[in-house]
Amino acid sequence: IAISIVSWPPVARLVRGDTLLSPSFRPLIGDLVPSAARERIERRLQAWLRGHMMTVLAPLYGALEAPLSGAARGLAYQLGETLGSVPRRAVGELVGTLSGPDRKALARLGIRLGHETIFSMPMLKPDQIRMRAVLWCIWDDRPVILPDDGRVSLASDDALPDGYYRTIGYRRLGPRALRVDMLERLTADLRRRARAGRFAVDATLLNIAGCTGEDFAGVIRALGYRPATSGDGATVLYTAPKRRRDRPRRSDGRTREQQATSPFAALTILKRDQS
């Protein structure tokens, strides 16, 4: 992404830095510009960028700088690394060690401990999502791709990796990518319905997912729900995902699920989500 001032030609380009939150500048200034002037321009651009990011990403920086302790601080750090949302499976061990005061402190910061995702609710507003998209595109060295403002779900683009959607606060599910707060609403409703037995898709589910019935069929299957034909042969009913009864243990005695919540597994998932 090129940075321009008023009607001037581009003087620098934002490029990948050490982290998602620290893009760096590549000057586009000719060799005829004195070095002192070049340095002033770079300092001014850096100050503007820092101020802009601090304003737009204030909820994220607020969580990183909050007087948290223990697991809560670790969780805030993980959210900072992923721009505001992280799959719960990647930080399950941290979440499990949160104390009551930790959970209250995180809630005051707008951080939600969802069944599917841990996320910062203020970071799901349009301005914040756009900034997250810009930072990911710079990190991945590709033209900036901005999602439509305020959409609870987006059409899944095969040209974009899952990491793009995760970084901007969505999760790809078949033909759609759902915003993580709406994903929590949807999966909670689906679990409630499944407890009562087989169920049909209705307008409530479609509204939560923000898509048509045809796309929703792909979404619900991606969540593991199994279709079955009703007695009349016309209505499609769904049942809950199969539970894994066998939990094979690794050589150290822990199950695969426990292995998946270890700090090393979390680090692996976070690195993959940024790529």
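This is a predicted model: local features need pLDDT of at least 70, side-chain atom pairs count only at pLDDT 80 or more; totals for chains, interfaces and linings use all residues.
**Stop 1: the largest nonpolar core.** Start by selecting Leu21, Met53, Leu57 and Leu135. Within the largest nonpolar core, which has 21 residues, these four touch the most other members. Now colour β2 (12–15), α1 (35–56), α2 (58–65) and α6 (126–139), each of which supplies at least two residues of this core. Which of them gives the most? That's α6, with five residues.

Keep Leu21 selected and show what surrounds it. Setting aside residues up to four places away in sequence, Leu21 touches Met53, Leu57, Leu60, Tyr61, Leu64, Gly80, Leu83 and Leu135. Apart from this core lies another one, of 18 residues, and you can find it by picking Leu205, Ala209, Cys211 and Ile220, which are among its members.

**Stop 2: α1 against α2.** For the side chains, pick Arg50, Met53, Met54, Thr55 and Val56 on α1, which meet Ala58, Pro59, Tyr61 and Glu65 on α2. Colour this contact by class and you get six nonpolar, one polar and two charged residues.

**Stop 3: α1 against α6.** On the α1 side, select His52, Met53 and Val56; their partners in α6 are Asp127, Gln128, Met131 and Leu135. The contact of α1 with α6 comes out as four nonpolar residues, two polar and one charged.

**Stop 4: Glu116.** Next, centre on Glu116, in the loop between β5 (111–113) and β6 (117–120). Draw a distance to Leu183: the two residues are 67 places apart along the chain, yet their C-alpha atoms are separated by 7.7 Å. Leaving out neighbours within four places in sequence, Glu116 is in contact with Pro87, Arg88, Arg171, Leu183, Glu184 and Thr187.

**Stop 5: Thr239.** Finish in strand β12 (residues 236–239), where you'll find Thr239. Is Thr239 buried or exposed? Its relative accessibility is 19%, so Thr239 counts as buried, the cut-off being under 20%.

Notes. Residues are numbered from 1 along each chain as its sequence is written. Side-chain values use heavy atoms; hydrogens and water are left out. A nonpolar core is a set of buried Ala, Val, Leu, Ile, Met, Phe, Trp, Tyr and Cys residues joined through side-chain atoms within 4.5 Å. Buried means under 20% relative accessible area, exposed over 50%, partly exposed in between (1.4 Å probe, protein chains only). Helices (H or I, at least four residues) and strands (E, at least two) are DSSP runs, numbered from the N terminus. Contact means heavy atoms within 4.5 Å. Ala, Val, Leu, Ile, Met, Phe, Trp, Tyr, Cys and Pro count as nonpolar, Asp, Glu, Lys and Arg as charged, and the others, Gly among them, as polar.
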